[in-house]
Amino acid sequence: MAESENIVAETAEKIFADLADAQTINHDKKGEWKAPLWQALTDAGLPLAWVSEDCGGSGASLAEGFSVLSAAGRFAIAVPVAETMLAGWLLAQARITSPAGEMTVVPASPKDRITVNADGSLSGRARGVPFAKVAKHFAVLASDANGDFSIALVDAGKCRIDAGLNLGGDPSDVVTLDRVQPVAIKPAPKGFDQTRLMLMGGVARSLQIAGALESMLEISVRYSNERVAFEKKISKFQAVQHNLARLAGESAAALAAATSAADAVANATSFNDEVFLEAVAAKIRCAEAAEKGGSIAHQVHGAIGFTVEHILHRYSLRALAWRDDFGSESYWAVELGRLIAIRGADELWPLVASR
Amino acid sequence: MTAALRFDPIRLPPVCEALRKEVRAFLAEEIAAGTFDPHKPNREDTDVPEFSRKVGARGWLGMTWPKKYGGHERSFLERYVVTEEMRVANAPTRRFFVADRQSGPVLLKYAPEHIKMEILPRICKGELCFAIGMSEPNSGSDLFAAKTRATKTDGGYLINGTKIWTSSAHIADYMIAIFRTSPPTKENRRHGLTQFLVKMKQPGIQVNPIGQITGQYEFNEVVFTDHFIPDDHVLGEIDGAWKQATSELAYERSGPERFLETYYVLTELVRAVGNNPDTRSAEGIGRLVAQVHTMRRMSVSVAGMLQAGKEPVVEASIVKDIGTIWEQQLPHRVRELAAFVEETATNRETLEKQLDFAIKTAPKLTIQGGTTEVLRGIIARGLGLR
């Protein structure tokens, strides 16, 4: 990790540690912690990290931004910092200036489409849009009748929002656009399509899941070294040790897959099959790790980890929820499998060993 | 606070890609010449001495060792590329693999200079096969329970006892083994074992093959009866083998051989399914490819950290733990996905034969070179649980 990445990541870590301590916010039923946290993140320029200074952002590199997302995962952050970063990044692709305040991206699933009408307005329905309910603006990717993509900034107040919650209790909403006139709209760069947006979102979620698993491992190890049963610490039981070793394995796999994908995307000069493999493999493997690792973390904690009072659910349920955003692991596995089949058996190893 | 796990996103340097092309071209030539069949798994009882010598002549053995011992002073990442290409091609590496990965580095560290000068260049030429003498009839994972005795005699030691599950002992020129030179002490049950270089095919050594469930005779019982080993064949500290046994393990645990052992069935499944898979096959293949990609990223990361002088002991153990379980489950997952492959798939017979062999091979993968249970103990220690 370059030194500048460390500074950005450390800034994010410090803000999260000061203003989003899991124990504290878990007891704050009114969500009063959210406003000061968002203000501090905004003051540090983190939500618009991926937006250049002339477009209203702080001009951080992709790698620096990814390190913020890892930290956000480690703290299971429940304000739309990842979503606003993605939205700013999307708008920046078309050099549209980002406004202040919370944003999110539309659509957030590879199956949903927003269309550009002949009069330049936007129509369509997007399900499972994270934090749509609290966003002031949406960064929208839409295609016209010719299949050409445009990027638009849309006032959230002009859209219909049917509120929902994801497994972690965070907003996951249905956004309906009915001939909505965007604040700004520009053509997407050549070659930029919905897959690109979904994969960028997928890498973000992979990093967040990996971060949450790191924390689940840490708090599970700590708990096992404190909890006494049968007159000894449960960490001394081999069965518990082996469960935690498996959790470490899942956490390690998620971390390796997610950081490798982030590195690949950050350094990609073109969006080829190798980068596609990195991004979708991370989403698939991190989603699998969220299931396997999370269940072990809960097993180690016993009943206390199943309570609202305990912080474990903040990580375990969000990691599970993040699997669904920007294409689930099942969706991407089918897409990857089809790509592998089209390339043919003898081109599988060269792809896997390409870097 | 748990020590954080690290998996830096290591990329192979350009020199590795040039090397990879060379290795692939060489393997293609050897396949064309009929030296080995890439569709047949790397059958461990297949001993191809001339292949071993050709690999040595290419400079691909002892790649990281000093030139004065016949080595090539290249990086661990370059060795990594050679290893993974050979493994994926099902090349017959049995004769040289142990010597190159494990035995050579032990000799480099602990053998007297004249032994190094005599043996290491021959490993680099692909002339020597090594075995590892660790397990005994009542001492497997519990390495320090070994009882085979080395009794001091004039100018050396007399060896009496039995090693077991010793891979390649029937073709090996040398074995690196641990023998008991003193009883364990009350304070340290690991005390009293010494590492030795054993010259095979000598009086006092009897090798008895043991049949495996795969139908192979690849491991052996090795019985020592008053076998003489000269003093200069002691490797390292007398009674102190326990201090030496752990240092090379990071290399041994995290290489491509720890998740690619049954990889060939995945390639053949993709061939059998064809270019227009149904949703079920596509998803199954996609998941398996995502998993193998992740394993490889982890393994390359550990190789890169080792090259950089770090000691990722826990990370390396994790690679072997989840890598061997993955390669063990792979043939079963492929079998499930192949259940609906068209009867007319041209490679159906090849795939079925490969699956038979891979499914029979699978149980050993989480046992050899450190069981899953032992590895999880090491990981647990690294996590601060023991």
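This is a predicted model: local features need pLDDT of at least 70, side-chain atom pairs count only at pLDDT 80 or more; totals for chains, interfaces and linings use all residues.
An unreviewed UniProt entry annotates residues 203-321 of chain A as "domain: Acyl-CoA dehydrogenase/oxidase C-terminal". In the model, this span of chain A is 76% helix and 3% strand, and its end C-alpha atoms lie 15 Å apart. For chain B, UniProt (unreviewed entry) places "domain: Acyl-CoA oxidase/dehydrogenase middle" at residues 131-226. That stretch of chain B comes out as 0% helix and 50% strand, with 20 Å between its end C-alpha atoms.

On to the strands, beginning with chain B. Strand β2 (residues 149-153) of chain B runs antiparallel to strand β3 (residues 156-167) of chain B, and five bridges join them. One of the pairings puts B:Arg149 with B:Asn160 as its bridge partner in β3(B). β2(B) and β3(B) make a hairpin with two residues between them, and B:Gly155 in the turn has a positive phi of about 80 degrees. β3(B) also pairs with strand β7 (residues 219-230) of chain B, antiparallel and over ten bridges. In that pairing, B:Ser167 stands opposite B:Phe219 of β7(B).

Chain A has a hairpin too. Its strand β2 (residues 114-116) and strand β3 (residues 122-130) run antiparallel and are joined by three bridges, with A:Val116 opposite A:Leu122 of β3(A). Five residues lie between the strands of this hairpin, and A:Gly120 takes a positive phi near 90 degrees. β3(A) goes on to pair with strand β7 (residues 172-180) of chain A in the antiparallel sense, over six bridges. A:Leu122 turns up again here, standing opposite A:Val180 of β7(A).

Next, the buried parts. The largest nonpolar core counts 241 residues, and within it B:Met175 and B:Leu269 touch the most other members. Leaving out residues up to four places away in sequence, B:Met175 touches B:Phe130, B:Ala131, B:Ile132, B:Gly133, B:Ala169, B:Val198 and B:Met200.

Helix α9 (residues 312-322) of chain A is mostly covered, with ten of its eleven residues buried. Among them are A:His313, A:Arg314 and A:Arg318, along with A:Leu320 and A:Trp322. The buried residues of α9(A) pack against α2 (22-26), α6 and α8 of chain A.

In chain B, helix α12 (residues 372-382) has buried residues including B:Leu375, B:Arg376, B:Ile378 and B:Ile379. The cover over the buried residues of α12(B) includes elements from both chains, namely α7 (238-266) of chain A and α10 (313-338) of chain B. After α12(B) comes B:Gly384, with a positive phi near 85 degrees.

That brings up the contact between the chains. In total, 44 residues of chain A are in contact with 47 residues of chain B. On the chain A side, α6 (194-224), α7, α8 (273-301), α10 (329-343) and α11 (348-352) each give two or more residues. The element giving the most is α7(A), with 15 residues. Sorted by class, the side of chain A that touches chain B has 26 nonpolar, eleven polar and seven charged residues.

Note on methods: Residues are numbered from 1 along each chain as its sequence is written. Chains are lettered from A and ligands numbered from 1 in the order in which they are written. A residue is buried if 20 or more other C-beta atoms lie within 10 Å of its own, exposed if 12 or fewer, and partly exposed in between; C-beta atoms are placed from the backbone. Helices (H or I, at least four residues) and strands (E, at least two) are DSSP runs, numbered from the N terminus. Two residues are in contact if their C-beta atoms, placed from the backbone, lie within 7 Å. UniProt positions are given in the numbering used here, feature names are shortened, and annotations may be inferred rather than shown by experiment. Two strands pair if DSSP finds at least two bridges between them. A nonpolar core is a set of buried Ala, Val, Leu, Ile, Met, Phe, Trp, Tyr and Cys residues joined through C-beta atoms within 7 Å. Ala, Val, Leu, Ile, Met, Phe, Trp, Tyr, Cys and Pro count as nonpolar, Asp, Glu, Lys and Arg as charged, and the others, Gly among them, as polar.
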